Each structure stands twice: as C-alpha cells, then as structure tokens.
Amino acid sequence: MAVANEETVLSRRFEKVNTVLEKYGRNPLNLIQVLQEVQAEYRYLPEEILTYVATALGISPSFVYGVATFYAQFSLEPKGKHIIRVCDGTACHVRGSMKVLEVVREQLGLRGEDITTPDLLFTVETVACIGACALAPALMVDEEVYGQMDQEKIENLIEEMIEKEKGGDQ
Amino acid sequence: MNNRVHEKKALTIDGQEVALQNEKNILEVAKRVKVDIPTFCYHSELSVYGACRMCLVEVEGRGLMPACSTPPEAGMVIRTNSPRILRARKMNLELYLANHNRDCTTCERNLNCRLQEMSSRMGVDEVRFGEREHMVPQDRSNYSLVRDPNKCILCGDCVRTCQEIEGIGIYDFSRRGSRALAEPAFGKDLSEVECVFCGQCSLRCPTAAIVVRSEVEEAWEKVLDPEKFVVAQIAPAVRVAVGEAFNLPPGEITTGKIVAALKKIGFDRVYDTSVSADLTTLEESEEFFRRLTGKGGPLPHFTSCCPSWVLYAERNYPFYLKNLSSARSPQQMFGSVIKNFVTQLEDVPPEKIVSISIMPCTSKKFEARRPEFYQDERADVDIVMTAQEIIKMIKQANVDFRELDPIPFDVPLGLGTGAGVLYGVTGGVTEAVLRYAHEKLTGEKLTEVEFSAVRGEKYLREAEVEIAGRKVRVAVVFGLANVQQLIKEIREGKRTYDFVEVMNCPQGCIGGGGMPLAYPDREEIMKRRAHGLYSADRLSSLRKAQDNPAMKLLYEKWLQEPNSDIAERFLHTGYRSRKRITDEVIRIQEAKESQKVDIAVCVGTSCYLKGSYSILQGLLELAREHGVEDRVSIGATFCLERCAEGPNIRINEDIVTGVEEHNLREIFEKAVMSKLASV
Amino acid sequence: MPFTTKAALESHIEQLKKRPQGSRIFVCCGLGCLAKNSRKVYERFVELVKEGHFQVQVDTLEEERSNPAPTGCMGLCEAGPLVMIEPQGILYLRVKPEDAEKIMERTLGKGEVIEDLVYTENRGEEVQRWPLMKDVPFYRKQEKIVLRNCGCIDPESLDEYLEQDGYLALAQAVTGMTPDEVIGMITKSGLRGRGGGGFPTGRKWQFARVVKSDRKYVICNADEGDPGAFMDRSVAEGDPHSVLEGIALAGYAIGAREGYIYVRAEYPLAVRRLKKAIQDAQDAGFLGTHIMGSGFSFDVKVKEGAGAFVCGEETALIASIEGKRGMPNPRPPFPAHRGLFGKPTIINNVETLANVPAIIHRGAEWFRGFGTLNSPGTKTFALSGRIENTGLAEVPMGITLRELVFEVGGGIQGGKQFKAVQIGGPSGGCLTEQHLDLTVDYDSLCSAGAIMGSGGLVVLDVDTCIVELARFFMSFTQDESCGKCVPCREGTKHMLKILQNIVDGRSKLDEMALLEEAAQVVKDASLCGLGKTAPNPVLTTLQYFKDEYIAHVLDKVCPAHVCVSMKEYLIDPEKCKACGKCARVCPVDCIAGRPKVPYVIDQEKCIKCGSCFEVCPFDAVMVDWRKRSDEQQSA
C-alpha cells in the first residue's frame, strides 16, 4: 500500500509543478513564488525539477540555482515532514537560544552536521527572529510558535510530536 | 540634470579640472584624462556591477563613491587617492588575497594577473587575515577551459560576460555571504552545462579562476620527437596579437616573426590557415549559390566556421541545422588537407604526421575533438594551441621575438589571400564570399574589392549587394546574445536575409577567447587588431580566394572542384541536435513489476514548447486505462536530441518522434502494449 | 457594496458609530499571546457566549460585531494572554481559559473588577493595582498613532477599521486633494522613514512624483529582518487596513497604480490577514479602479519573501520582487528614478505607511504635536532582553532611554544591574549607562553611534557578555551578507573570526587593532546599507566597553561569566573523596587520580562540558572564572 501511495504522490507532485507554472503565467518574475510552491509540494527543491522550472520559464538553470541557494527558505536537500525552527534572534540569543537548539537536537538524536532525522520526520534549523521576542527563547514547529522554552518544555513537546507521528502510522 | 544653466560643465579630479563630455560615470571621465582608477569588475561593454570596490573615489561632501556607477556631475570635487581611499583599497586587496589561492609563482596567470598587478601597485606587503582554508577541486572537464574556484574573487565578470554577450548564462552566483560562488548550475562542470567554450569569460577573468586549458606540454613533446613530422597552421587573427606579449604595439603584423619562431622551435612545416580559409570561401560560396538558385538547402545560409556558434545552433536551433553551411571551418579543412594531402606531398605516412593549429580560439580545441573530424581514430588536428599558448612556447624557447628576422610560410600551402586573412575579423567571411561571388556569378573582374558595409564595430551589420542582377541580403552578427535576438526576428519575419555570418566573439576571432588579454584598454586594442588585419589584406598581392594558386593545386591534384564528391567527403560535415542538459530524469510513475516498459517523455525546451506536458498526462491516463500502471515507468527527460522532429518520447531504447495528442493512443497501443505483451 | 463617493463612506461610518456600545471582550491574539495559549481563552469565551446562559446584556452580543473579538497585539506580551473589556478599558493579564467564566459573570455581568487578574505592583508593604489599561505603567507614557487600532479592533473586520475613521484619509485625498497637496502635508508633518535611516518621507515621494513615467510603484517593506523587532508584524497582523490605506495614499501621491507588500514568509498570519484585507478593500472600492469615484485607480499585491535579511535594503528588495537573488545594486540610480521593473518606485516600511493615514486625516500640525522638532511623531519599539515588560511600545520621539527602559519597560528583570541597551539591531549599536538620559530621536542616537533602525531594543544586564553579543551580531550579518562586495563578504567573515578568537581566549592585542581597522573599512567601502552598518555593534562596543574586550584578550577573563573558554573546572582537594565518578563521565578522559588521592583536571584537554561538575556527589568540582593572566602568559 505504502508503495502505491508513493506512486500517486510522484505524479501528483509533478502535476502540481505544472499547475504552479501555469498559475504564475510561466513568468520568470514569479520565480520565487514558483519555488516556494514547488517546495511546499516536494518539501525541498530537487535538481531535476529546478531544471524543469528553468526550461518552462525560459531562463538558465544557473539563474534558478542561484535564486534557490540564495534564500534561507529554500532547501536543495530533502527536509523533514515537520520543521522545527529555533529562533536565534537577539532577544532569544541573550535568553539562551543556543541551549534550546542543543536540547532539541539532542532529543531528536541529531549529530554533527545533520539537520534532518533519518526518518525524514523532523528538520531542525535556526531562524533569524520570528518576531516573538517577548517570548524568548522561542521556537516554531511548522507554523506554530512556542515561547519561553526550557529543557522540560522542549522534551515534552518533542515527545508529544514523536508520539503523534508514530500513532498516525498505525 | 538641468546642467544647461552651467556655462561650463566640468568637475575636478585630483585637482585637475575636467570638462564633461556625456560620460556615463566618473571612471570614464578619469580614463579620458589618463587617471587610471583601479577596477576589477568594470568593463565598458558589460553592465555596471559595482562590487569590486576598487574604484572608490572620494567625492567632496558625499564620502566614498564607486567611480564605475556614479554619474559625473558638474562641480564635483573628486579625489582618487586620499588616505581613506588608499586604506580601503589596500584592505580590500588584503581581503581578496586572504581568500585566494596564492600559488602565484606556479600559476597559469603569473605576471599576467590583475589581482597580482593591483596588489603590487597598491603596495600590499602583508595579508593579515591568513590563508584560504579549504581548497576545492578544479574543473578540467573539457578541452578548452580550466576553472579554479580557489582563485575566484567573485567580481562577476564571467557571469555578466556569459549572460550579456553570449546570452547563455552558464554562470551565476550561488549561495551567499562568504559561501557565495560564481559557478554553473548545481556546481556542475563546464562539460555538463551549455557552455560553448568560447572563453570570453576567461578573457575578462582578472585572475586565474578561468584560464585556457594549455596544450603547451603536448606540443613540445611532439615537436621535439624526431620521429614526428610536425605541421603547423596559423590562423589569421593570431598574427596581429602575438606581438602584444613582446611589447610590440597591438595590431602589428608579426606573421614572419611567428613563422621564424616556430621554425626555431622545431616545427617542420608552417602553413597559413588563410589558405584553408580560401578553400572554405570556395566551398561555402558554391554551396550558397546552390541555395540561392533553389538547388540546394534552405535560406538563409548561415556560416559555420565558428565552432561555438555551431555548437550553440546544434543545441538551440534544430530547425536551422539544414541552413548551416556544411563547409568545415578553415581549421578543420586544413586538418583534412594535412592528413590527406600533405602526407602525399611530403611523402610522410599519416601516423608520423602531427597537425598543430595555432588559433585565437578556445572553442577550436573542442572542435578538433569532435568525432566527425577523426579518420581511422586519427584526428585531423592533433593539437590546438591558442595565441596565449604559442606565446608561452616562444618564451620557453628562449627566442628573442622582437629581434627575429621574418621568414615566409612554407610553400605551397603558405600563401593565403587577403580575403582569407579577413576571416579573423567579423564580416571577413562575407567579404571573401562576396569577392568570389561577384566574379563567379557575373564573369566580370571585380576591381573594388572592399565592402565597407560589412566592416565596422557594430554587432550587427546588414547590406544588400547586387550580384548578377540579384539582390543578395547579407547580415553579419557577433555575440550569441545578439544572434539570439537576430534569429528571433528572422523567425518572426521581421528580417529577411540570404546569407548570415555568425561569430561568437565580439569583433570576431580578433576578440577570441585564446587571444592575449586585451588589457587595459580593450576597445583600443581591438581596434588596432582589426586595423592590422585590414592592412594585411590591403598589402596582399592576391585579395580574392579564387586567385590563390594553392586552390588550383588542391583542386587539380586532389579535390577536382568545389562541392565535388571528394570535396564533400574531406571538406564538409554534418550537424545534429544536441542536448543542453546532461541526463536528469524526473520520476513520475515507477513500475513495480520487473517485467516493465520504461517511457521517457522529452521536456527539453523544444519539446516542452510543443506541448510535451500534455503527452505526459496522456500517457499516465493511458496506462491507467489499460490497467498497466504497475508495469510502465514514466519519467520526464531533458533531451533526446531529435528536437526538430519533436515532441519525442523514448520507449525502452527506441525513440519515437512526432508524438502528438492525436496519435498518442495508437503509439501507446502499438509500441508500449506490444512490448508488454512480449516480455 | 463598493463605496463610490466620499459621502457614502461618511454616512456608513456614522451608522457604524451609532451602533450600541455595550460591553465587549477583546482577546489579544497577537503572536506573543497566541504562543501563550490565548486562542484557547478566546475559544472559551466564544463557547460561553454561544451557550448564552450568562446574565449578560443582550446588546453586547449583536451579530455585526464579533464579541468576543480576537485582536492584534496589545503590547504587553510579557503578561499575556491579555484580555481587555470595553467600554471600561479594563485590562486582564495572564488570563487562562478557566478565567473566562469568571470574567463574564463578574465583570460583564456585574461590572466588578477581578483583582487577581489586573496589573499589580508590590512596593514593599503596599500593593498597588492598576485595573485600567491606560493607567498601567507600561502604557502610561505611550502615544499610539501607528498602533492606534492594534488590540482594540478585530483586524479581520473592515467595518471595525472604518469605525475608527478608516479610509477617510484616502477618500479625503482622492476626492479633495492634489497629489502635491498630499506630499506637501507629509513633508510638513516631518515624517521620517521608520525602517532605518530616517529619510524624510515627503522628500522621497517628491523624487518619485517628479519623474515622468508610464508606470510607477509603491512597495511596502514588511520584510522586517532585524532579529529583535516585530512591530511591522504586529501592525500587519493587528491593523492591516491602515497599511493598505497608507500604501494607496503613497500611490496617489506619486502617481502609481500598483503597490506591492513584500512580507516575510515567516509571518504566515500577517500574509493571510493582508491578503484578506486586500480582498475586502477591493470589494468595498478602496482598491481597484476609480476609487471613490475619482480618477485614481490602484491595486496592491502581496509578495512573500524567502528569507534574506539583505532584502531590507531597497535595491535588493526590488531584485527579490523581480524574482532574482536579493543582491543590492549601486545607487544611483535611486529607486525613485529607476526601481521596480526599471520604473520609479518608492519603498516605505510598514510603520512609516501606517502613520500616513493618520497624518492626512488629522493634519500635519497634529502630528507635529508629538515628538521633537527634527523627529516628529512616535516610534514603536520592540522591548526585549533582560527587561521586565517585554513587548511592543509606541512612545513619542524625544522620550529618554531611561524612561523607555525603566518606566515603560519596567526596569531590569529580577532587579539586576543595567549594563547596556542594544538599539537598532545588527546595524545598530550598544549604548550604556551614560546614555540613559539621551533622548530617543534619529539625530541623537546617530551621534552616539547607534541608529534608530527598525526599533529593536534589547536590554542587557550584567550577565550579558558584550563581546559575545558583538560576535552574535557579526555572525548574523556575515551569514546574511549577500556576498556581492568584498568588504562585506570577506570583511565580516574575518571580523567574526577575530571575535570568535576573542571569546575563545585565543586572541592577541594586535588582532583587536586589526578588528577595528577592518570594521572601519567595511563601514566605509561596502556597497549597501547592510555592509555599511554591519560594523556598528563592534565599533560601539569597542568604544564603550574596551575594557571588557581587553579583559578577554589580555587576561583571558570574561567579566560577565559567559564565554565558556574562560571558564575552568577545578577539583577542590579538600572536598574530593577520590571516588572517580568524575573521571568515568569525562568524555575526553582529562581527569586523573588514584584511590585516596584527590583527582586533578588536565586543563589543556578539558572541553568544559561540565559533566564532572554535575556528577560530583561531594560538590568538589568548582567553576573558576578567573584565570590568572601571568600564569597564562608563562604557560
């Protein structure tokens, strides 16, 4: 079953790319929006899709690659289903955001340069201020903001998320 | 703005009052009064980028401003060398050097590097920020150019050159901050992207981040091998530029000195590529006449002596490949002459003869390695050396170039006509063809041989020439960006031509990627090189290809007549569509069973525009409808190299062309279902 | 029901104002409160109202106004979730869902104040309570122009914006003023750009106005990148129509037909609210063709940024809207001459534009009644760091730093000692005790080496290491540098390296001199604002806290006890019982000892992980922050 799902996902995603290209009138001025929506579909920007986007927009692949690697939002590596963004804005930094990052990574068992868990469930990154300075130190899970994080809160939050993911599979 | 109120429009540079003459920026004003403001990223023929921060000047009341992007205004008081500026420039250089692989003494560009020169000029005596930390591998993936990211200073000259002059955009910046690079898409090698190897980027690169791939070692080895009979051909443009490296003025014709130097080095024969240019003129003109009279291929006739243009056309203009002249380029014609005729002439067996061409061009290195220019696994041209490389070789040979007594080319293939020499500058091929066409078609002797309409510096020149009662419309264009625009307009019916001469490099071969770096005053040097070639033509006793006695010899002894079968075999070639993007497949549906059929739908530009996406959709539906989703893999691929016949798909190993919505079902049932039945 | 005349709008507003003004519950759903669960509080109120079995006056539950109303940020984020009850203006802090019932019953039902939930100050024996919002010390010194509607209207309701005289300024302008008059009024008001440099807004508009072009553009910069500021987010989320009205007015003034809002993708709620507001404004005829029956047509699009601080720089922002890498271009040409798609363009940030409708509606003189002569009006600050009242405050220009930090901000957390404020984010500087009586306006901040910036204000106490903070900002800017010009690309990298060496205790004095020299050149020679201001945090801290740098460099001491490299773990031989626990947990095997002999830590190998400190059952492992410099030198 899981495999069949994967198949429909592949063709649906590619269909989505084409819908997005049409939606933006195949206009290179909308490249960033196109990439944002493509990434929402694939969770990252695969090289061949970027090449395809370049072909469809009539621009050079190097230009598309340049844009895709410029903005922090884009990733050329597969990302996890959930993105945990630890805020490292000034306010969070002075209130210990690096410790938060450390605890989050430890909880998810991330080592070295890794930012994504091997099961592709979680990606952990830092972000330059999410505008929740009053709640420092803060982090964001997907679109949800969590403030005034401490070791215990982080542990609970991550445990909860892992539980939820495992529950969802069965 | 409203400068009319000022009686005198002037500003002050370093205390000197300078009247303004509509210059676009302070740098140009300074240049006119011989104040040489340093810069890496300013080139008058490219857009202003403003990044290298070397051209900072102090404008009274405004602080430090970049001279390249600041328009001059009346009344400005400018200093180009205050302590504040000097401090900034020096530290900028220190910062550049800290990130630059400083193996200067063994560098390809040693003593020919603008970063090195600038550091010396600004008195940088230490680099306090340490050394570059990580070295990354060089890109030596192709025959023409070597890229070394460890030497890149991110001035963006290559990026803008490739985008603005060539209209291709191989390079762009990637990433940001101190991790930023100027590189091809996805960090690929040049051989994996749409590079046409013209080397324009390397000409503008201020360091050795992009250099010509040297074949000097290989050349020495052959020349010094007593078993080998080494034959050189020298392209027209080379003779007006080699002198630059030996402190002779740009444009000075040094043909005789080059021949003398090569003889000293040990070349057995030294011939003139102008001779094979004459051969090209004859072959190409005859081909053109057939097109003109409806007996040959379609019009417009495009010239094909520029290998970068040919490669570009093969990738992008599948519909024009029949319009491309089948005549080989002068280099390849001479290669063929050497390997097939000189062998007889000199009675040397083919395996002993080594053919070395000396070219203004990096792309010629690529051209010589095209498989169609090999016979029995032996290349027609064994080694291609650029002007830059032959200069090195001459220096290594301890030859005092300036003092050499000129000697003539070897006979009988050493005497080219003025028409052949003109191949080195844009418009030259056209002029040579016109000189031939006029006499050939009218039977009258041509007395006024110079066609000024096709001369000049403009990137596009057009002329209408009446030959034998027929108006022939010709165009001369250079720079692939300009070519793209021109072809677009031809396709849209806005322009009509019979004959189009296309050259990749600005001003043609005299601006070739293998020529000495035209620095510091590129414009002036180019002018002088062009002038050099025009005077060489004027000084020639023979100025028309058809008057060349070597032609008579070649046709009588070997080739019979232009476009004869034997000439077709040895002097002509063919073209094919080529992919622009190396293999990448987008997986769309994956078969789960092992007995399956693989379908790849081409989504390269040509097929994409012809609607390959709807074909993809159709295939997915058909697979579903026939209940064979589990046995059919469907993907999208970027080019099947049959662009003219597209949209194309590949079913297992077979390419099916001309796939459209209306015949898709039939194709699917025949080709896919039958294959499934048989596995 | 698009409004086609000014009169129609005015009569609609009049009707709105006539609506019965009963009790109303406002629940702050600004980001700060949301993260503290205010959504649940809001939902609980909704449930209770739906159930309707409370003794609450019927007229408070009318249908055309949402009640309870979710609002944008009320400012005092520290004490969220916040709930405000109108008409009294009672402010409740730290409200939990289970408090909702109580509030409805007692405050709405009986008009009582719930003392436990109001702002309380303990002054020794005396307990002071401030039930009304306007009396709370945090709000007392504030003047709300930009945040005039934030926290007291439902941001998703157009009518509520209109009720506050919304879009009247636009109606006034397009039906009764020439573009030059609009510019004249803005010029006269003295409004200066709130995003950074403080360039006079009227002048900027005038530049674009006089250029002849078939197309012009207005861009609203909502890409708030300063890692410590969130006012633009709050305004866009809490009062999106004021931003739209400001953009439309700017468009009218310069002769543009199109506007863009460039907003950070990290602000999804702001994106949603702005998009909804645009739709509503189009439906009501405030955007579109022939606005209010005039000849003025204007539309606004939202473009989401993709994460690049440098896009706050005008030319980079333009490149980004055009779908390119956000790399700045040299100016001139200025955007007012050649901007978006090569056309004249003005770029203003959210806060600047939110001021505009108020100025047009109430006049330049009124605006000049706030602030100082050269910096009229107010400035919104995001107060954060080691301060009691973290949150969003809008204060008149000319207020002193002391008032801002100690009165509005409530002083230092935990009553610790004040050390510095960092103002203006990564482009700004650190100001010290000696600057506390400095007035907050463009010119005085600039003269002290800081900048107003977008208004991030981070308060630092004695536990903050100033060198580490400078390193933090440098790592931010070097990460956000676009990489185009060498001073910024390479200069910030090497400055960061030196700062890292300093906090790691590996630096020497001559490196400090090099740091300063590099900072000067990066400031002087960089292409854009990012590079030109990147050295500010370093330069100001070098100026005001040189001793702290020298302590790190020469003595290898971190006075704030922050830099881990300056820390030493030592074993007290008196207390050590030689149990060996510490040696077993040490990840680098740098603790050695034998039975009955006190253990010793090899300082060369120690990575200061603190594991030994944590496991020692006898508290024999001690932290020592004072390495003796002479020992250091001889070693």
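What share of the contacts in chain C with a separation of 6 or more is accounted for by residues 24 or more positions apart? In this predicted model, such residues account for 71% of those contacts.

## Chain C as a whole

Chain C contains 26 helices and 19 strands, and its C-alpha trace spans about 95 × 65 × 40 Å along the principal axes. A compact globule with 635 residues would have a radius of gyration near 26 Å, and the 28 Å found for chain C agrees with that expectation.

Of the 635 residues in chain C, 63% are buried, where buried means that under 20% of the relative accessible area remains. The accessible surface of the chain comes to about 23600 Å², and carbon and sulfur atoms hold 49% of that surface.

## Helix 16 of chain C

Helix 16 of chain C runs over residues 401–408, and its buried residues are C:Leu401, C:Leu404, C:Val405 and C:Val408. These residues lie on the same side of the helix, because they cover an arc of only 120° around its axis. As a general rule, an α-helix has 3.6 residues a turn, so residues three or four places apart point the same way.

The buried residues of helix 16 pack against several other elements of chain C, among them helix 5 (137–140), strand 11 (378–385) and strand 12 (391–396). Strand 13 (418–423), strand 14 (429–432) and strand 15 (456–461) of chain C are also packed against by these buried residues. After helix 16 of chain C comes C:Gly410, which has a positive phi near 75°.

The size of an interface is often given as the accessible area lost when the parts come together. Between chain C and chain A, about 3300 Å² is buried, with carbon and sulfur atoms giving 60% of this area. On the chain C side, C:Ala306, C:Arg325 and C:Phe472 lose the most area to chain A, together accounting for 17% of what that side buries. This contact involves 54 residues from chain C and 37 residues from chain A.

The contact takes in 36 residues from chain B and 29 residues from chain A.

Terms used. Residues numbered from 1 in each chain as written. Chains lettered and ligands numbered in written order. Predicted model: local features only at pLDDT ≥ 70, side-chain atom pairs only at ≥ 80, totals over all residues. Heavy atoms only, no water. Buried < 20%, exposed > 50% of the residue type's maximum accessible area, 1.4 Å probe, protein only. Helix = DSSP H or I, 4+ residues; strand = E, 2+ residues; numbered from the N terminus. Arc of directions from axis to C-beta. Contact = heavy atoms within 4.5 Å. Rg over C-alpha atoms; globule rule 2.2 N^0.38 Å. Areas by Shrake-Rupley, 256 points an atom, 1.4 Å probe, with all protein chains shown as cover. Buried area = accessible area lost by both parts, 1.4 Å probe.
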